[in-house]
Amino acid sequence: MGVWECKVCGKSVVSRYELLKHCKLKQQVKLQQQSDDIELKRDCILKSLCAYLNEDSNTDIKEYLSANFEDAKSAIAQTTVGLSVMLKEGADEDEQPEDVGVVIEGVELLNNLRSISCGVIMLFGLIYALNLSYPSELKFTFEFFQKVLMNLDGKKTVSEGSNT
Ligand SMILES: [Zn+2]
């Protein structure tokens, strides 16, 4: 049985990976409960969904410090599909980002979006309209949006691969 135990709640899981996932989910749930900000609650639920589906949201939703704007710009230029999230230096984890943008092929197509979840909605729409592949580390999350939330069951599925 479980060899890895959560020091906070005592839950036992079978691997280190499962323990990290458990802690990530707990952290988002806690943050969500502490806040009255609906945008932040949505972002927490989105990150929880990614963690639940074993996807690392930090790969395609990249956070930058707005003070390091030049570094952010060159990283954005190398992003194929994803979000750029600008954070104020020293901001609390329950503080909204300064800016959220949608990046496609190294270009920030949209910015001034008010939250990560808003950015993800815009990105989902653009991917659908431009017939692009889903970001590699969010493909199950996006497939959840497509099939469960939007009830769109077209050609584009993860299981068929991105080349079809
Ligand atoms: Zn725990």
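The axes of helix 2 and helix 5 come within 7 Å and cross at roughly 60 degrees. That makes helix 2 oblique to helix 5, since angles under 35 degrees count as roughly parallel, over 145 as roughly antiparallel, 65 to 115 as roughly perpendicular and the rest as oblique. Axes are lines fitted to C-alpha atoms, for helices over the stretch in contact, and angles run from 0 to 180 degrees between N-to-C directions.

This is a predicted model: local features need pLDDT of at least 70, side-chain atom pairs count only at pLDDT 80 or more, and totals for chains, interfaces and linings use all residues. Residues are numbered from 1 along each chain as its sequence is written.

**Whole chain**
- The chain has 6 helices and 6 strands. Helices (H or I, at least four residues) and strands (E, at least two) are DSSP runs, numbered from the N terminus.
- Along the sequence, the pattern reads β-β-α-α-α-β-α-β-β-β-α-α.
- For 164 residues, a compact globule would have a radius of gyration near 15 Å; the chain has 17 Å, which agrees. This radius is taken over C-alpha atoms, and the globule rule is 2.2 Å times the number of residues to the power 0.38.
- Along the principal axes, the C-alpha atoms fill a box of roughly 45 × 40 × 30 Å.

**Helix 2 with helix 5**
- From helix 2, Glu39, Arg42, Asp43 and Leu46 meet Ile116, Ser117 and Val120 of helix 5. Residues are in contact if their C-beta atoms, placed from the backbone, lie within 7 Å.
- The contact residues divide into 3 nonpolar, 1 polar and 3 charged. Ala, Val, Leu, Ile, Met, Phe, Trp, Tyr, Cys and Pro count as nonpolar, Asp, Glu, Lys and Arg as charged, and the others, Gly among them, as polar.

**Helix 1 with helix 2**
- Helix 1 (residues 16-34) packs against helix 2 (residues 38-52) at about 165 degrees, with axes 9 Å apart. That makes helix 1 roughly antiparallel to helix 2.
- Among the residues in this contact are Leu25 and Val29 of helix 1 and Ile45 and Tyr52 of helix 2.
- The residues of this contact divide into 7 nonpolar, 3 polar and 4 charged.

- An open sheet is formed by 4 strands in the order 3-4-5-6, with mixed pairing. Two strands pair if DSSP finds at least two bridges between them.
- Strand 3 (61-65) and strand 6 (107-113) stand at the edges with a single partner strand each, so one side of each has no neighbour in the sheet.
- On average, neighbouring strands of this sheet are turned by 25 degrees against each other, direction ignored.
- Strand 5 (residues 99-104) and strand 6 run antiparallel and are joined by 4 bridges.
- Valine 100 stands opposite leucine 113 of strand 6, and valine 102 has leucine 110 as its bridge partner in strand 6.
- The hairpin of strand 5 and strand 6 has 2 residues between the strands, and glutamate 105 takes a positive phi near 50 degrees there.

**Helices on the sheet**
- Helix 4 (residues 69-77) lies across strand 3, strand 4 (81-87), strand 5 and strand 6, at about 160 degrees to strand 3.
- Helix 5 (residues 116-130) packs on the sheet and touches strand 3, strand 4, strand 5 and strand 6. The direction of helix 5 makes about 20 degrees with that of strand 5.

Methods: Two residues are in contact if their C-beta atoms, placed from the backbone, lie within 7 Å.
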